[in-house]
Amino acid sequence: MLLAEASAFERDLGSLPLPRSGSGDGCCSSSSLGRPFPKRLLPPSYIWLWDSVNFGEERSRVAVVSAICLCHLPCGVRTERASIRADLGPPGPSPLLAEALLEQAMIGPSPNPLILSYLKYAISSQMVSYSTVLTAISKFDDFSRDLCVQSLLEIMDMFCDRLSCHGKAEECISLCRALMSALNWLLRCAAFYTEKVKETLEQAAAESQLKMCLERLEKMLSSTKNRALIHIAKLEETSSWSTVEQSLLKLGENLNSLSNSPLRSQADNCVSLIKSIPTMLSVHSEQLNKTGFPTVHAVVLLEGTMNLTGDTQPLVEQLMMVKRMQHIPSPLFVLEIWKACLVGLIESPEGTEELKWTAFTFLKIPQVLVKLKKYPQGEKDFTEDVNCAFEFLLKLTPLLDKADQRCNCDCMSLLLQECGKQGLLSEANMTNLTDKRTEDRKHAPCLKSAENANIQPNPGLILRAEPTVTNILKTMDADHSKSPEGLLGVLGHMLSGKSLDLLLAAAAATGKLKSFARKFIKGGGQTSGWGSPAGSVQVTGRVADPVPVPFQMILSESSPAGEVPFFETWMLTCMPEEGKILNPDHPCFRPDSTKVESLVALLNNSSEMKLVQMKWHEACLSISAAILEILNAWENSVLTFESIQKITDNIKGKVCSMAVCAVAWLVAHVRMLGLDEREKSLQMIRQLATPLYGENTLQFYNERVVIMSSILEHMCADVLQQTATQIKFPSTGMDTIPYWNLLPPKKPIKEVLTSMFTKVLEKGWVDSHSIHIFDTLLHMGGVYWFCNNLVKELLKETRKEHTLRAVELLYAIFCLDMQQLTLTLLGHILPNLLTDSSKWHTLMDPPGKALAKLSVWCALSSYSSHNKGQASARQKKRHREDIEDYISLFPLDDTQPSKLMRLLSSNEEDANVLSSPNRSMSSSLSASQLHTVSMRDPLNRVLANLFLLISSILGAKTAGPHTQFVQWFMEECVDCLEQGSRGSILQFMPFTMVSELVKVSTMSSPKIVLAITDLSLPLGRRVAAKAIAAL
């Protein structure tokens, strides 16, 4: 009988419009159907409620009808039609119901328990969403009604620790907003009761209310999921977050007067949790169980050995990247930098290499630390970190003693002085550290031998040379055309002893070398005619770079004002150096043909170098094409060897700079020839490198030949080693080339690479000698060969500690050419490993996890430096000699099947799914496309396709080691990233990947979802909110 009445009630209520007025005779009139509403079907206890409702108000109708339908119809009877008839919208959670019920429940001084029970039932049966309940609660602002506040807190208890939403993205964003509104409401509530605690009469009751409020606040904020949702809401509505901050500020002011210690401690905990929300992604735990960091060591060694003249900013960026990726504590980070410098000093060869390391350690590294100081270091002062690093360094007594013995001085005190000058140490700390080191030196073995007691230490000389460079630059700025005595005095001082080497090393370490060179080139033009034939003045010198660079070029006239000097242009385009591949067909080697013909005729027929129709710089540009014509004539037997000797004698016997230009082109030309085609070109190099002996009319010829021979020896060193050719250069009285002929002559380079990597891995760090060997192998074998073989060596390791050490060392080795090696690793090697099922076993833990770490580190470093345009000059000059065209590898037109898609489809059960347009980059929307990142850039293109490959692996039907590799890759991305992913490599990840990733147990974390989505975009925030709300 009851069930039949309930069914009739539902049928009648669902089919009739709601009544506009009530009647007391047991029925309600209906304006549209003209028959009475059966009020008798209501339970007796609710007839009074029906009669008291004003049906002219929508909220009242919604509240009473929904409450009765929800709570008093049998479970099997659905009430959705009742809600629809009450204008609540479509079936599902109602946006008005929660607010209407709460409004009705809070009318009196105490809440209506009956209507509150309806609301609780509605929440439990999911007739109302959590967001609408929280929004409704946050609108209540009469905190003086304690019972009402308690009831609302009890309602929040029902779900605040288990919030979820499985609806559309917009509904999840609404939940984020509602949660932030509820947070603000709780803060206002707590602030109200902390104010009320001050009143003596109501102190106990206020403390009780405050305790309940803080318990709910703590319960809400203790959930990482809730904080993540609030974090999204903060980015979505910055004005609402400002309101939260104001409420937080007010609560903080009131807490100062709170005498109850437990309550105050609880409140402080809540405040700190709220303040942590904006930075919840940037908190990383530092490695406190390690004291050695070989990556930092190797990066510093690489910079000091091979890039002394480079700008400090790329080095600073690279070091900060390593520090962030490896979570290195600042004191140990600075300590590792100093350790690397001292090791470099100790093991550097005598001569210019030692001067380079001295300048690098005492001049450049303090400048690097000054720039590191500007980066956020957390709560600690960077000067304290530097002081702590020196305290640690003092404990490494054998290292300091060895450095002191090599440099013949107290290195520590000089370093402390330089750091003090730069504001990196306080006076008190500097004095304290100096005293400790002085005391330690008393117990050290004799550091000065009889032979070196009178030798001035290089660090002192370098430190004095640095201000001298500045003074020389000022002197060079003056006009010396009328009185050259001042400039001649400076030049005379520079050429005495090893002054020039000291000055060049100091200029290189302080970034003044380019200005130094330009001023001397300009000076060369001004001094034309001083004691030498017109147009043949040379400005000579050496640079403390990886290879000496000639400061010599014939200048008959200075370059026009405002133009780049010819010498600098020639150096940048035509000068062969270690690691720099020149194209012999480059336009710089193809001058005016008529001038080439006249120069060839002049070289072949005349013993006098009289250029009437040609300027000297034009002759230097034309000599390359002239040498090509002469070489072709010799190879086709038009010219004899005697004729070649006569021509080379003409070139080197009069104007040494022309011999340098000729050999520069020949070195580039030899690289392009086969083994059986190189003989005549190498013979010509040998002829040009052999000076003329006997009387010569040109003044200072012998001095110029010495410099020319040194220059040619360095220019040819690389190509002679690669071609296994020996050319005996005359003794120049200068230092031999350091780190030359490092490779065994008959050992395959793959064996050299394998044995060297094994040796470095066993030792645990990379030294200068091994850096040069790796660089030579990279240059000889090519980028793909080098990267592929080192990755194979990594994948052979089976012990966890060895793989972690290998990753740190490989990253440092890859710094030799990070951009090109990263393109190879991410664009070739990883896709091949991930798409070839026969290689999946190599990706198992630990080598697979190590490779994922290495890949992320390389990708982050390359993308960071690439975006800032801070690739070192060393990396910029390396030619992409064996890298495929990435535009053709990954075509811009997504309708064309790329090589990557063919690789994917070859190992996928349903090839059509992966190669279809639905899987193309244009349809797999990513943040990079919304940020309009250029996909014509090779690195961007490779990253986008790699993430497309990862997305397809996550969505595939089969799992394996390659799936695990993808998980490790993404975990490492999250671990290395700072807060916010805009501008990071994760912006290339398709948004659809987020829903796939959260299905992986280790990735189903709110922090990880926040980290992998671009929260600067509205779409990114919606994707993140939907993923987190569903966790």
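This is a predicted model: local features need pLDDT of at least 70, side-chain atom pairs count only at pLDDT 80 or more; totals for chains, interfaces and linings use all residues.
View 1. When its neighbours within four places in sequence are set aside, Ala-98 is in contact with Leu-119, Val-128, Thr-132, Val-133 and Ala-136. Ala-98 itself lies in helix α5, the helix that spans residues 97-105. With a relative accessible area of 1%, which falls under the 20% limit for burial, Ala-98 is therefore counted as buried. Ile-137 stands 39 residues from Ala-98 in sequence, and the distance between the two in space, taken from C-alpha to C-alpha, is 9.1 Å.

**View 2. Packing of helix α20 with helix α21.** Helix α20, made of residues 411-421, packs with helix α21, made of residues 427-442, at an angle of about 175°, and their axes are 10 Å apart. Because an angle over 145 degrees counts as roughly antiparallel, α20 and α21 are described as roughly antiparallel to each other. On the side of α20 the contact is made by Met-412, Leu-416, Gln-417 and Gly-420, while α21 contributes Met-430, Leu-433, Thr-434 and Arg-437. Sorted by kind, the residues of this contact between α20 and α21 comprise four nonpolar, three polar and one charged.

**View 3. The chain as the setting for the close-up views.** The chain contains 48 helices and two strands, and of its 1031 residues 56% are buried.

Key: Residues are numbered from 1 along each chain as its sequence is written. Side-chain values use heavy atoms; hydrogens and water are left out. Axes are lines fitted to C-alpha atoms, for helices over the stretch in contact, and angles run from 0 to 180 degrees between N-to-C directions. Helices (H or I, at least four residues) and strands (E, at least two) are DSSP runs, numbered from the N terminus. Angles under 35 degrees count as roughly parallel, over 145 as roughly antiparallel, 65 to 115 as roughly perpendicular and the rest as oblique. Contact means heavy atoms within 4.5 Å. Ala, Val, Leu, Ile, Met, Phe, Trp, Tyr, Cys and Pro count as nonpolar, Asp, Glu, Lys and Arg as charged, and the others, Gly among them, as polar. Buried means under 20% relative accessible area, exposed over 50%, partly exposed in between (1.4 Å probe, protein chains only).
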